[in-house]
Amino acid sequence: MIPDATTRRRLWQYLKPYWKHELVLLLTMVIGIALMLAMPYAVMYMIDTLIPHLVAEAESTGEVDLTPILLFGAFLAGVYLANTLVGWVRDYLAGYVGAHIIADIRSQMFGHLCRVPVRFFQKNQVGEIMSRLMADVQRVQGLLASTLVNFLTNVLWLVAVMAGLLNVSWELTLVAIIPVPLSIYVSNRFGKRLHAIIGALQETLAKLSGHLAESFGAIRTIRAFAQERREQRKLDRVMDNLTGLYIRNSVANSLAVNFVHFINMIAPVVILSWGTYLVGDGSLLLGQVMLFYMLTAYLYSPVQELATMNVQVQSEMAAVQRIFEYLDIPPAVVEDPTPKTLDRVEGRVVFEQVDFAYEDNDFALRHLSLAVEPGETVAIVGPSGSGKTTVINLLLRFFDPHSGTISIDGVDIRRLGVKELRGIIGLVDQDPVLFTGSIRENIAYGEETATMEQVTAAARVANIHDFIERLPNGYETEVGERGVTLSGGERQRMCLARAVLKNPPIMLLDEATSALDTRNEELIQVALEKALRGKTSIIIAHRLATVRHADRIVVLDSGQIVGQGTHEELLACSPLYRELAQKQLLTV
């Protein structure tokens with residue numbers, strides 16, 4: 001399967017930075033070809049020239065001069081040494097280029113996936129994403145780092161060998177090249193079959209990776225419900241399919257290689273038989289026949305390499321298609337090529353007639369208009385699915401609205417650079433995320449230059465400093481993957497400290513206390529009062545008790561504002577708010 005023009009151009013972008021290394025790599029391979037071809041000519045020289053000369057000299061003088069033998073041996077040793085050095089340089093360059101290409105592709109994929117819509121990660125298993133990022137990229141390394149150079153090298157080798165064969169005997173050359181078109185035909189037929197098998201194999205490996213990631217991530221639930229056997233059966237079904245594909249792949253590969261090898265073994269039998277006859281009638285010397293026989297082996301070597309390479313390319317192109325499938329996912333938002341800069345942020349946030357829907361679903365927001373003044377704390381409440389979190393997602397530009405505008409201090413946020421926009425906004429999410437590393441590193445996430453004094457000051461504001469100080473290693477305590485060594489309240493307060501350290505003029509809180517017990521909720525509430533002082537704040541809340549003292553409460557229902565005011569005002573005039581309050585036993 002030869003890549004089409006578009007695919008070749010895209011692949012060339014990865015190879016382009018290393019074209020000089022590839023050129024040197026090609027040169028070393030050409031030198032390697034010359035060194036390999038030197039051996040059969042050396043054998044011909046030994047049989048037809050050196051040995052007869054030594055025999056004649058021995059017959060005439062009774063002695064054999066060792067000098068020609070030593071020189072011949074030194075030449076062969078030099079050829080082998082040079083071939084070893086060239087092979088080392090070749091392998092080093094191939095490894096160097098391959099390693100850098102892998103790093104470049106993975107870096108590009110990671111950067112691109114960080115910008116695709118969030119829903120992409122909700123629809124695709126982490127294991128499958130990792131499979132493409134790791135296994136598929138590894139396959140592409142061979143295509144870009146060595147396959148292209150190997151193809152050119154084998155073509156050059158084929159041309160050089162053909163020239164040598166024709167120089168010895170054009171009749172024998174005709175016999176020698178008979179297997180070549182047959183080998184190409186067979187490799188193409190098997191290559192198409194292998195492409196389909198390898199594509200299915202990679203898809204199944206991605207499913208296996210996804211299943212493992214999901215199972216290990218939910219191991220407590222699996223054990224709690226005693227579903228180990230069920231998950232084992234699901235894994236075994238995937239493994240059975242995978243085993244069948246591995247067997248089919250192995251059989252198809254073996255048939256392709258061995259069939260080509262059988263075809264290529266026919267001609268040498270004919271060549272040795274006919275060559276013996278030609279030596280007998282004086283048409284060729286024995287050394288010439290040996291040269292031709294060895295060159296024939298060299299002829300089939302590049303043919304077999306090219307046939308195998310065709311199979312290899314099938315596998316690598318399947319991986320390329322899977323990688324490009326991810327890279328072709330459009331980013332969630334497109335940055336303005338000439339973004340504006342806010343010199344001084346007051347923090348006035350305005351939604352004006354904003355409509356938004358997730359893909360083909362119903363609209364999450366409909367004609368939403370909302371203004372939040374600098375320093376004001378606005379709480380957004382409503383039933384599940386009313387569009388509360390969508391407000392935050394749009395303000396952070398995880399998505400762009402279908403219509404309407406969102407502005408900060410009068411500037412459409414689409415005119416701001418994404419990094420600048422998110423730099424002036426702090427987020428405390430309902431799912432507190434911590435990274436493997438120390439507590440200090442997690443609090444300073446996003447503010448790597450923060451001093452220890454700034455970190456501890458932020459922790460004090462978040463009511464987490466005293467807890468950290470009691471830990472054996474204090475701020476250098478490792479939190480474990482996703483902060484598993486900490487409770488939910490501790491993780492939440494650490495994430496709040498992270499937002500406080502950032503000190504943004506705008507703060508967003510998305511159900512920040514929804515999963516906490518009463519004691520931790522009280523600690524967070526006290527911390528929030530200090531953290532939000534003087535900042536523009538938008539609080540998404542499920543528990544009305546946590547927002548009843550906000551400057552203003554906005555009630556959302558089906559993506560529309562159906563009421564706004566203080567807690568007391570809404571109890572009096574908003575049926576939906578009053579219903580929510582009654583369900584939570586919340587009164588005036």
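The model is predicted, and local features are reported only where pLDDT is at least 70, side-chain atom pairs only at pLDDT 80 or more, while totals for chains, interfaces and linings use all residues. Residues are numbered from 1 along each chain as its sequence is written, and side-chain values use heavy atoms, with hydrogens and water left out.

A few terms are needed at the start. Helices (H or I, at least four residues) and strands (E, at least two) are DSSP runs, numbered from the N terminus. A residue is buried when its relative accessible area is under 20%, exposed when it is over 50%, and partly exposed in between (1.4 Å probe, protein chains only).

Begin with helix α1, which spans residues 5-15 and has T7, L11, Y14 and L15 as its buried residues. Seen down the axis of α1, these residues fall within an arc of 95 degrees, so they line one face of the helix. The arc is taken from the directions that run from the helix axis to the C-beta atoms.

Helix α19 (residues 575-583) can be read in a similar manner. Its buried residues are L576, Y577, L580 and A581. They cover an arc of only 135 degrees around the axis, which puts them on the same side of α19. P575, Q582 and K583 are exposed on the other side of α19. What do the buried residues of α19 pack against? Their partners are the strands β3 (377-381), β9 (552-557) and β10 (560-565), together with helix α18 (567-573). Contact here means heavy atoms within 4.5 Å.

Next comes the surface. L148, F151, L152, V155 and V159 make a nonpolar surface patch of about 400 Å². Patches are made of residues with over 30% relative accessible area and no salt bridge; like charges are joined within 9 Å, and nonpolar side chains (Val, Leu, Ile, Met, Phe, Trp, Tyr) within 5 Å. The accessible areas come from the Shrake-Rupley method with a 1.4 Å probe, and for residues only the protein chains shown count as cover. V159, one of the patch residues, is in helix α5 (residues 126-168). V159 counts as exposed because its relative accessibility is 54%.

Now to the charged pairs. Side chains of opposite charge can pair when their charged atoms come close. A salt bridge is a side-chain nitrogen of Lys or Arg within 4 Å of a carboxyl oxygen of Asp or Glu, and by this rule the count comes to 13. One of them joins R415 and D336, at 2.8 Å from N to O. This pair links distant parts of the chain, 79 residues apart: R415 is in the loop between β5 (411-412) and α12 (418-423), and D336 is in the loop between α10 (286-327) and β1 (349-357). R415 is partly exposed at 33% relative accessible area, whereas D336 counts as buried at 18%.

Another salt bridge joins E346 and R344, at 2.0 Å from N to O. E346 is partly exposed, with a relative accessible area of 41%, and R344 counts as exposed at 61%. R90 and D91 also meet in a salt bridge, at 3.4 Å from N to O. R90 is partly exposed, with a relative accessible area of 30%.

The aromatic rings form nine pairs. Rings of Phe, Tyr and Trp (its six-membered ring) pair if their centres lie within 6.5 Å; planes under 30 degrees apart count as stacked, over 60 as edge-to-face and the rest as tilted. Why is the pair of F356 and F399 called tilted? Their ring centres are 5.4 Å apart and their planes stand at 45 degrees, so the pair is tilted. F356 lies in strand β1 and F399 in the loop between α11 (388-395) and β4 (403-408), so the pair ties together parts that are 43 residues apart in sequence. F356 is buried at 4% relative accessibility, and F399 is buried at 11%. Elsewhere, W88, Y92 and Y96 form one aromatic cluster.

Strand β1 also holds D355, which counts as buried at 12% relative accessibility. Leaving aside neighbours within four places in sequence, D355 is in contact with F363, L365, R366, H367, P401, H402 and S403.

H465 is buried, with a relative accessible area of 8%. Not counting residues up to four places away in sequence, H465 touches T456, A459, R460 and Y475.
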